[in-house]
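Please read this briefing alongside the sequence and the model. It goes from the whole chain down to single residues.

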Amino acid sequence: MTPVTKLLISVLAALGLATAAEAEDSPFVAGHAVIAIWPGPAPGGEHATAREEVVERPLTPGGLRDRIIKGVTRPTLTVFRPAHANGAALLMAPGGGYAWVVMDKEGYEAAERFAASGVTVFVMTYRLPQEGWAAGPDTPLQDAQRALRLIRFHAADYGVDPHRLGVIGFSAGGHVAGMLTLAFDRPVYAPIDSVDQVSARPDISILMYPVASMDAAIAHVGSRRNLLGEAPSLDRTAAYSLEALARPDAPPVMLVHALDDRSVPVENSLRLLAALRAAHVPVEAHLFEEGGHGFGIRFAAGKPAQAWPDLVLGWMRRKGMLG
């Protein structure tokens, strides 16, 4: 660890934004604050089996890092503050099939892109549902609700308008973001403090190649198994299928997917699109011929999907999010 990293960790701890252990154990990004989502231990961990570990996977073409976090025990937000903030903010949920959390290609890189356009971004790590947490499949939703409430509660501290706070999620993180979008008021944890008195409803939602449905016919097999187990009941399947949760008071949604996605079939987005339209939710969809799965920023280069950040920013502007 560099002296600068040690110094920043000490500052974060002194400010109460993160304990030294929390900041040190995160895949640290120099110059960006790390905030603990929960004021103490995350709820329902009495029988949790998680052991937090940052894993360096092989570098991708171009020498780009590809870190994942396994066994998240202390969910955090890494803050990307723009040089010229426009008041908009995004809570970002990376993917990982509910087996781990992918931090570089579906977190930090996308955060830097949006921060360069004036958006304050909070990249979230979240706990995984199959690791013994008492809330089971509601565990990631607990973290997402608390995270959005925390950002909204402290919006003034970050130069953020509390009414211009959206969520964006990738793959299984798209399911986390989608659950927050459509089950923002589901009572999944007991209120702890005044933070929990504010709304967890995002003002907009961007779902990138989302794991939307738990229907075995189109679901991502690994995400479904990790979230619900091997043979979930029909009721349990419906309770976590985004298309079954569409509601008229949901925020506007943007869906982005590639038609050649072999991991999460585009039918996930198509089915959710139909459900949102039926519920009269404002929705926009962009379906690219090429892009595959998990393209993020780095793997979209040179493909039609490369346009997605500009399309998202244009949509955010039309929705009044960029001021």
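How many Å apart are the mean positions of the positive and negative charges of the protein? The mean positions of the 29 positive and 33 negative charges are 2 Å apart, where Lys and Arg count as positive and Asp and Glu as negative, with His and the chain ends not counted, and where the place of a charge is NZ of Lys, CZ of Arg, CG of Asp or CD of Glu. This is a predicted model, in which local features need pLDDT of at least 70 and side-chain atom pairs count only at pLDDT 80 or more, while totals for chains, interfaces and linings use all residues. Residues are numbered from 1 along each chain as its sequence is written, and side-chain values use heavy atoms, with hydrogens and water left out.

**Overall form**

- The protein has 10 helices and 11 strands, which are DSSP runs numbered from the N terminus (H or I, at least four residues, for helices; E, at least two, for strands).
- Its radius of gyration is 18 Å, close to the 20 Å that the globule rule gives for 323 residues, so the protein is as compact as a globular protein of that length; the radius is taken over C-alpha atoms, and the rule is 2.2 Å times the number of residues to the power 0.38.
- Taken along the principal axes, the box filled by the C-alpha atoms is roughly 50 × 45 × 40 Å.

**Burial, surface and contacts**

- Of the 323 residues, 58% count as buried, meaning under 20% relative accessible area, with exposed being over 50% and partly exposed in between (1.4 Å probe, protein chains only).
- The protein exposes about 12,800 Å², of which carbon and sulfur atoms supply 56%, as given by the Shrake-Rupley method with a 1.4 Å probe.
- Among contacts (heavy atoms within 4.5 Å) between residues at least 6 apart in sequence, 76% join residues at least 24 apart.

**Nonpolar core**

- The largest nonpolar core has 93 residues, and those with the most contacts inside it are Leu77, Leu91, Phe114, Met124, Ile206, Trp308 and Met316; such a core is a set of buried Ala, Val, Leu, Ile, Met, Phe, Trp, Tyr and Cys residues joined through side-chain atoms within 4.5 Å.
- Not counting residues up to four places away in sequence, Leu91 touches a set of residues including Leu77, Met124, Ala144, Ile168 and Leu180.

**Helix 3 and Asp104**

- Helix 3 (residues 104-115) is mostly covered, with 10 of its 12 residues buried, among them Lys105, Glu106, Tyr108 and Phe114.
- Asp104 lies in helix 3 and counts as buried because its relative accessibility is 6%.
- Beyond residues up to four places away in sequence, Asp104 touches Arg65, Asp66, Arg67, Glu109 and Arg298.

**Positive phi values in loops**

- Ser171, in the loop between strand 8 (165-170) and helix 5 (172-182), has phi near 55°, a positive value in a residue other than glycine, and counts as buried at 7% relative accessibility.
- Tyr209, in the loop between strand 9 (205-208) and helix 6 (221-228), has phi near 35°, again a positive value in a residue other than glycine, and is buried with a relative accessible area of 0%.

**The segment after helix 10**

- Leu322 is placed in the segment after helix 10 (308-318) and counts as buried at 13% relative accessibility.
- The C-alpha atoms of Leu322 and Asn86 are separated by 6.0 Å, although these residues are 236 residues apart along the chain.
- Leaving aside neighbours within four places in sequence, Leu322 is in contact with Asn86, Ala88, Val119, Arg164, Leu313, Met316 and Arg317.
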